[in-house]
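Hi there,

Here is the structure I promised to pass on to you. Have a look at it first, and then read on for my notes.

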Amino acid sequence: MCGIVAYVGPKDAAPILLEGLQRLEYRGYDSAGVVVSNKGLKLRKVKGRVADLAKVVPARFKGGLGIGHTRWATHGVPSDENAHPHLSADERIAVVHNGIIENAGELRAKLEADGVTFLSETDTEVLAHLIARAADENDSLEEAVRKTLKSVVGTYGIAVIDAERPGEVVVARNGSPIVVGIGEKEMFAASDVAALVRYTRQVVHLEDGELAVLKADGFHTFASDARETAKEPLTVDWDAGHYDTGGYEHYLLKEISEQPETMTRTMSGRLDERFHVAHLGGLNMDARETRSFRRVKIIGCGSAYYSGQIGAQLIEELARIPADAEPASEFRYRNPVVDPDTLYVAISQSGETYDTLAAVQELKRKGGRVIGIVNAVGSAIAREVDGGIYLHAGPEVSVASTKAFTSTSVAFALLALHLGRVRDLSPADGRRVVEGLRRLPGQIEEILAQGDKIAELAKKYADHPSMMFVGRVRGYPVAREGAQKLKEISYVHAEAYPASELKHGPLALIGPDMPTVAIVPDDELLDKNLTTLGEIRARGGRVLMVGHREPEAKLADDVIVIPKNEIELDPILLTIPLQLLAYYAAVALGRDVDKPRNLAKSVTVE
Ligand code: G6P
């Protein structure tokens, strides 16, 4: 979502804030701003990218205290006025905010009745005015912020500075992440460690309801009742290099290309060749408990949900436990029946997606047993769950998920193996899966080597207004993720359907203008899938097939042939050509590949 950066220390804040904002831009990117305190608050904010902001921040912007923001609009259109930071009328207080203040309308009406003039349409501006009023009545900025937040309903991560207290920043969290970065005689805060790793790898994550006061020589954290809390700093594994494009034209291509290594890291130290099992110590579960679950329910949003569908299939096939996936955003609102015999699995790359976090909290409130499959160590979901599997895929910067998707699918294969081997999955089948997993990275290399061919195909198909993606059973989540990637980054309309359902409706859409990408693995459903291709071609539809061999009859216009693994693991490999197809289609259409319009990397609002 939006990004926050704050700095207090001996250096000039402005370049540090701009650099940090650039690192956060993938979270939200329609406007940006900074404010620096130096004998009064100096503010610059613009509609546009951080690069546009950098152009209007003058070199004379000196001062060792400041806050910055990059925005993804919720209240009010992207504009200079609606960009953060927001100032109080007397220009004493500056605030940046992620999240949504639900009672902003009511608070604003009261302030307006009191004669306050608002300069923006945002919900955030009420905070600036309210904190300024409270600051007049209280001795500390901390107390003024605490008092203001008591009157606020909604979610927030905020950073606040006061022109009259040039040595401190106050940050607070409720539903939107805030991480404090500990430096040498300097302190940082941000909504994501990405903005901090260039300066420090010692961080502290705030919990919901916590507030922190940062001064150059240290920080204090407080619970909502003003009691001081004790926090243990965490060392971040990722460094600034992980956030570079590494010579690739886009983060997305870098992240697609990294998959042999990222997936190896997900498996590392977890595969046991002796008993053909997976070691997942982070689950915090003994064998008896692992055997006790009668169902598995998986929740996540966007691509995380689709990887959950792959996961459900793996668990049903390998462990023979009924499993299904559901969007966390739906699950949390339908008053779900929480069953003590079900293992709930929450998936999130960022660990901060609000809908997924809220679903986890709802489950825990009702006594559900929840584990997480999460990439970002120390993130809100990782802290909330009872145990889990970290992906170790490294930071994913491009908005569209690729390496986290495949690493999540691998983590599910490990979980399925683990659940299966304490039940009826035989050692021979366990060995088959372990060996299959080991083969995946090399096979991905082979698919990546077909990049040029896939780029040509992408050019050929990209100018169609619409594309259909079909797959059966294991291939269906692959088709859904393929369609999702294409629509997210190329803006080509893409629809995914189970191949078996095509004849029950969407076949009416098929014709020369609507080509089909068909997922056709060499499995027990091959003949059924080939029949579907025949039906599409009989209606004048063009077919781009992704599978393990060319069909004997001329059933496809183009074929991408990929290496074969075990049937249960094939979906992981079948995903890769579709990532490349979407990437090259987006490039061919001149799209902003890493920052597609209207989207944000982690959606920390409802
Ligand atoms: C957003 C992103 C998607 C992502 C989803 C879940 O909608 O645009 O690409 O799949 O959030 O993100 P998470 O961090 O929870 O995996």
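Below are my notes on the domains, the charged pairs, the aromatic rings and a few backbone details.

Please keep in mind that this is a predicted model.

**Domains**

Let me begin with the overall layout. The protein chain is split into domain 1, covering 3-238, and domain 2, covering 251-589. Taken over C-alpha atoms, the centres of domain 1 and domain 2 are 37 Å apart. Where they meet, 12 residues of domain 1 are in contact with 15 residues of domain 2. Together domain 1 and domain 2 bury about 1,100 Å² between them, and 58% of that is on carbon and sulfur atoms. Which residues of domain 1 lose the most area to domain 2? They are Tyr26, His205 and Trp238, which together make up 48% of what the domain 1 side buries.

Two salt bridges are counted between domain 1 and domain 2. There is also a salt bridge between Arg383 and Glu207, with the closest N and O atoms 3.1 Å apart.

**Salt bridges**

For the structure, the count comes to 49 salt bridges. I picked out a few of them for you.

Arg49 and Asp592 meet through their side chains in a salt bridge, at 3.0 Å from N to O. This pair links distant parts of the chain, 543 residues apart: Arg49 is in the loop between β3 (41-47) and α2 (50-56), while Asp592 is in the segment after α18 (570-588). Arg49 has a relative accessible area of 27%, so this residue is partly exposed. Asp592 is partly exposed too, at 33% relative accessibility.

Lys254 and Glu258 form a salt bridge at 3.6 Å, N to O. Are these two residues buried or exposed? Lys254 is buried, with a relative accessible area of 9%, and Glu258 counts as buried at 17%.

Another salt bridge brings together the side chains of Lys459 and Glu456, at 3.5 Å from N to O. Because Lys459 and Glu456 are three residues apart in helix α15 (residues 451-462), about one helical turn separates them. Lys459 counts as exposed, at 52% relative accessibility.

There is a network as well: salt bridges link Arg92, Asp136, Asp162, Glu164 and Arg165.

**Aromatic rings**

The structure holds five aromatic pairs. In one of them, the rings of Tyr7 and Phe188 have centres 5.2 Å apart and planes at 55°, so the pair is tilted. The pair links distant parts of the chain, with Tyr7 in strand β1 (residues 3-8) and Phe188 in strand β10 (residues 187-190), 181 residues apart. Tyr7 and Phe188 are both buried. Ring pairs also bring in Tyr199, giving a cluster of Tyr7, Phe188 and Tyr199.

The rings of Phe331 and Tyr344 also make a tilted pair, because their planes are at 50°, with the centres 6.4 Å apart. Phe331 lies in helix α10 (residues 328-331) and Tyr344 in strand β20 (residues 342-348), so this pair ties together parts that are 13 residues apart in sequence. Phe331 counts as buried at 1% relative accessibility, and Tyr344 counts as buried at 3%.

The charged end of Arg146 is over the ring of Phe222, 5.5 Å from its centre. Arg597 lies over the face of Tyr491, 3.9 Å from the ring centre.

**Backbone details and one buried glutamine**

His84 and Pro85 are joined by a cis peptide bond, with omega about 0°. Pro85 is in the loop between β4 (65-71) and β5 (86-87).

Asn284 is not a glycine, yet has a positive phi of about 55°. This residue is found in the loop between β17 (277-278) and α8 (287-292), and Asn284 is exposed, with a relative accessible area of 51%. His392 also has a positive phi, near 55°. His392 lies in the loop between β22 (387-390) and α13 (403-421) and counts as partly exposed at 33% relative accessibility.

Finally, Gln484 is in helix α16 (residues 475-490). Gln484 is buried, with a relative accessible area of 15%. Leaving aside neighbours within four places in sequence, Gln484 is in contact with Gly302, Ser303 and Tyr306.

Best wishes

Terms used: Residues numbered from 1 in each chain as written. Predicted model: local features only at pLDDT ≥ 70, side-chain atom pairs only at ≥ 80, totals over all residues. Heavy atoms only, no water. Phe/Tyr/Trp six-rings, centres within 6.5 Å; stacked < 30°, edge-to-face > 60°. Helix = DSSP H or I, 4+ residues; strand = E, 2+ residues; numbered from the N terminus. Buried < 20%, exposed > 50% of the residue type's maximum accessible area, 1.4 Å probe, protein only. Lys NZ or Arg CZ within 6 Å of the ring centre and 35° of its normal. Domains from an automatic or database assignment. Contact = heavy atoms within 4.5 Å. Buried area = accessible area lost by both parts, 1.4 Å probe. Salt bridge = Lys/Arg side-chain N within 4 Å of Asp/Glu carboxyl O.
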